[in-house]
Amino acid sequence: MDGITHMKNGAHGSIKIQHKYEDVWMKAGIDQAIKALTFQIRRNDELIIELAQRWCSKTNAFVFPWGEATIILEEMKVCWRYFVKGAPISSPLVSNAEKEIEQELIRAFRMFFKSKAKRADHNPRMKHFMSNESLVEHEAILSLWLSRFVFHGRSYRTILISVSPIAIHLARGTKLGLAIAVLASIYRDLSLLNNKIRIVATVELEVTLWAPFQLVQV
């Protein structure tokens, strides 16, 4: 569990986090997804560009000489253990306790944004929550996982404040339809990249993508 290891230095910290929260992860249906997506898969830009060139945004499929093929929800479930059925990821926070946790996470995000790095970097943020035995430690861990492996930010090491509500729901064992959201982000970014390739005449491309393309590669 390479990604979880980054949350706290050493394998012992990784195992400790897993044992502490695994029951809740199982209840939320993300325990296998966390284990599956924390393996390091290096991005192959040439492969992604080649695939994106074959992408058809009208059918959401790759067009090969022998026919069309695409990534489907069943693969999100079978290969990556994302839960298909569940509440939308846009589900609002209802209770005052949930809203207070969100505010605490936002305060932490702003604190790190004001640092020299000007971003909520993974390592210092995790050290902050764990060393202080924060009451929102679990939500912070899930925010890291969501930002790094599920909904990528502009930087591999940046934590997205926008995933805080999702992390809060998951930390309470709420099942969310992550598979649908992840697949939609892959379709969206493949269409975006395909369009960029078609309109840019030069070799170099500059486009911001958010989807977890390691799933496309595999």
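# Strands, loops and a pocket in a predicted model

User: In which sense do β1 and β2 pair?

Analyst: This is a predicted model, in which local features need pLDDT of at least 70, side-chain atom pairs count only at pLDDT 80 or more, and totals for chains, interfaces and linings use all residues. Residues are numbered from 1 along each chain as its sequence is written, and side-chain values use heavy atoms, with hydrogens and water left out. Strands are DSSP runs (E, at least two residues) and helices likewise (H or I, at least four), numbered from the N terminus; two strands pair if DSSP finds at least two bridges between them. β1 and β2 share two bridges, and their sense is antiparallel.

User: Which residue of β2 is the bridge partner of Cys-56?

Analyst: β1 and β2 form a hairpin with four residues between them. Across it, Cys-56 has as its bridge partner Ala-61.

User: What is the phi of Asn-60, and where does this residue lie?

Analyst: Asn-60 sits in the loop between β1 (55–56) and β2. That places Asn-60 in the turn of the hairpin. The residue is not glycine, yet its phi is positive, near 50°.

User: Why does Asn-60 count as partly exposed?

Analyst: Buried means under 20% relative accessible area, exposed over 50%, and partly exposed in between (1.4 Å probe, protein chains only). Asn-60 counts as partly exposed because its relative accessibility is 25%.

User: Which residue in β3 stands opposite Val-63?

Analyst: β2 also pairs with β3 (residues 67–69), antiparallel, over three bridges. Two residues link these strands in a hairpin. Opposite Val-63 stands Glu-68.

User: Which elements give two or more residues to the lining of the second largest pocket?

Analyst: On a 1 Å grid over the protein atoms alone, a pocket is an open set of points where a 1.4 Å probe fits, with protein on both sides within 12 Å along at least five of seven lines; lining residues have an atom within 4 Å of a point. The second largest pocket has 14 lining residues, with Ile-71, Glu-75, Leu-215, Val-216 and Val-218 nearest its centre. Of the elements, α11 gives the most, three residues. Those giving two or more are β2 (61–64), α5 (73–78) and α11 (214–217).

User: How many residues in the lining of the second largest pocket are nonpolar?

Analyst: Ala, Val, Leu, Ile, Met, Phe, Trp, Tyr, Cys and Pro count as nonpolar, Asp, Glu, Lys and Arg as charged, and the others, Gly among them, as polar. The lining has one charged and two polar residues, and its nonpolar residues number 11.

User: What is the phi of Arg-81?

Analyst: Arg-81 lies in the loop between α5 and α6 (96–113). With 39% relative accessibility, Arg-81 counts as partly exposed. Its phi is positive, in a residue other than glycine, near 65°.

User: Which residues does Val-84 touch, not counting those up to four places away in sequence?

Analyst: Val-84 lies in the loop between α5 and α6. Its relative accessible area is 25%, so Val-84 is partly exposed. Contact means heavy atoms within 4.5 Å. The residues touched are Leu-73, Lys-77, Gly-177, Ala-179 and Ile-180.

User: Which element has the lowest mean pLDDT?

Analyst: pLDDT is the predictor's confidence in each residue, from 0 to 100. The protein chain averages 79, and 73% of the residues score at least 70. Among its elements, helix α9 (residues 164–171) has the highest mean, 95, and the lowest, 41, belongs to helix α1 (residues 2–7).
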